Amino acid sequence: MTRDILQTILRAAGGLQEKAGVFKASAEQRVTFYLGNDGRGLSVPQIEEIRLEDAFVLLKTKEVGQIFAEYSALYAVSTQPPKENAPKKAGFA
């Protein structure tokens, strides 16, 4: 995948806020990236921020922290928008 293709996918997915090459998911939005090469794969769920750099992409998650990957390692993106009329979860921000 190239930077341009990824940017087009993220814009088409909807529900992500874009500012200066950085896409941020809302708390209810679920974004998963699938990376791999040489027959090995890795899924990175619950991505909060996607930063598009010239030669690589930076993925930020609450659980894993930061993941740096070349665009060539990306092969799929999954987004799940918040469910309509779903009750908000109780808790503190």
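Q: In what order do the elements of the chain run from the N terminus on?
A: The model is a predicted one. From the N terminus on, the order is α-β-β-β-β-β-β-β-β. That gives 1 helix and 8 strands in the chain.

Q: How many residues does the chain have, and what percentage of them count as buried?
A: The chain has 93 residues, and 29% of them count as buried. The chain exposes about 6,700 Å², with 49% of that area supplied by carbon and sulfur atoms. As for contacts between residues at least 6 apart in sequence, 44% join residues at least 24 apart.

Q: What is the strand order in the open sheet of 3 strands?
A: The order is β4-β3-β8, and the pairing is antiparallel. The edge strands, each pairing on one side only, are β4 (40-44) and β8 (74-80). From one strand to the next, the twist averages 15 degrees. Helix α1 (residues 3-13) packs on this sheet and touches β3 and β8. The direction of helix α1 makes about 10 degrees with that of β8.

Q: How many bridges join β3 to β4?
A: Strand β3 (residues 30-37) and β4 run antiparallel and are joined by 5 bridges. As one case, Gly36 has Gly41 in β4 as its bridge partner.

Q: Which residues is Thr32 in contact with, leaving aside its neighbours within four places in sequence?
A: The contacts of Thr32 are Ser43, Val44, Pro45, Gln46, Ile47, Ala76, Val77 and Ser78.

Q: Now to another pair of strands. What joins β6 to β7?
A: A hairpin joins β6 to β7, passing through 3 residues. The two strands pair in the antiparallel sense, over 6 bridges. Within this pairing, Val57 stands opposite Ala69 in β7.

Q: How is a pair of aromatic rings described?
A: Two values are used: the distance of the centres and the angle of the planes.

Q: How many aromatic pairs does a search of the whole structure find?
A: The search finds 1 aromatic pair. The rings are those of Phe56 and Phe68, with centres 5.9 Å apart and planes at 55 degrees. Planes under 30 degrees apart would count as stacked and those over 60 as edge-to-face, so an angle between these limits is called tilted. The pair of Phe56 and Phe68 is therefore tilted.

Q: Where in the chain do Phe56 and Phe68 lie?
A: Phe56 is in strand β6 (residues 56-61) and Phe68 in strand β7 (residues 65-70). The two are 12 residues apart, and the pair links distant parts of the chain. Phe56 is partly exposed at 31% relative accessibility, while Phe68 is exposed, with a relative accessible area of 52%.

Q: What about charged side chains?
A: Side chains of opposite charge can pair when their charged atoms come close. In this structure the count comes to 5 salt bridges. One of them is between the side chains of Lys24 and Glu49, at 3.9 Å from N to O.

Q: Where do Lys24 and Glu49 lie?
A: Lys24 is in strand β2 (residues 22-25) and Glu49 in strand β5 (residues 47-52). They are 25 residues apart, and the pair links distant parts of the chain. Lys24 counts as partly exposed at 42% relative accessibility, whereas Glu49 is buried at 11%.

Q: Which residue forms a salt bridge with Lys62?
A: The partner is Glu48, with the closest N and O atoms 4.0 Å apart. Lys62 is exposed, with a relative accessible area of 67%, and Glu48 is partly exposed at 35%.

Q: What is the distance, N to O, in the salt bridge of Arg51 and Glu49?
A: The distance is 3.2 Å. Arg51 counts as partly exposed, at 28% relative accessibility.

Q: Which residues do salt bridges that share partners join into one network?
A: The network is made up of Lys24, Glu49, Arg51 and Lys60.

Definitions and conventions. Residues are numbered from 1 along each chain as its sequence is written. This is a predicted model: local features need pLDDT of at least 70, side-chain atom pairs count only at pLDDT 80 or more; totals for chains, interfaces and linings use all residues. Side-chain values use heavy atoms; hydrogens and water are left out. Two strands pair if DSSP finds at least two bridges between them. Helices (H or I, at least four residues) and strands (E, at least two) are DSSP runs, numbered from the N terminus. Axes are lines fitted to C-alpha atoms, for helices over the stretch in contact, and angles run from 0 to 180 degrees between N-to-C directions. Contact means heavy atoms within 4.5 Å. Rings of Phe, Tyr and Trp (its six-membered ring) pair if their centres lie within 6.5 Å; planes under 30 degrees apart count as stacked, over 60 as edge-to-face and the rest as tilted. Buried means under 20% relative accessible area, exposed over 50%, partly exposed in between (1.4 Å probe, protein chains only). Accessible areas come from the Shrake-Rupley method with a 1.4 Å probe; for residues, only the protein chains shown count as cover.
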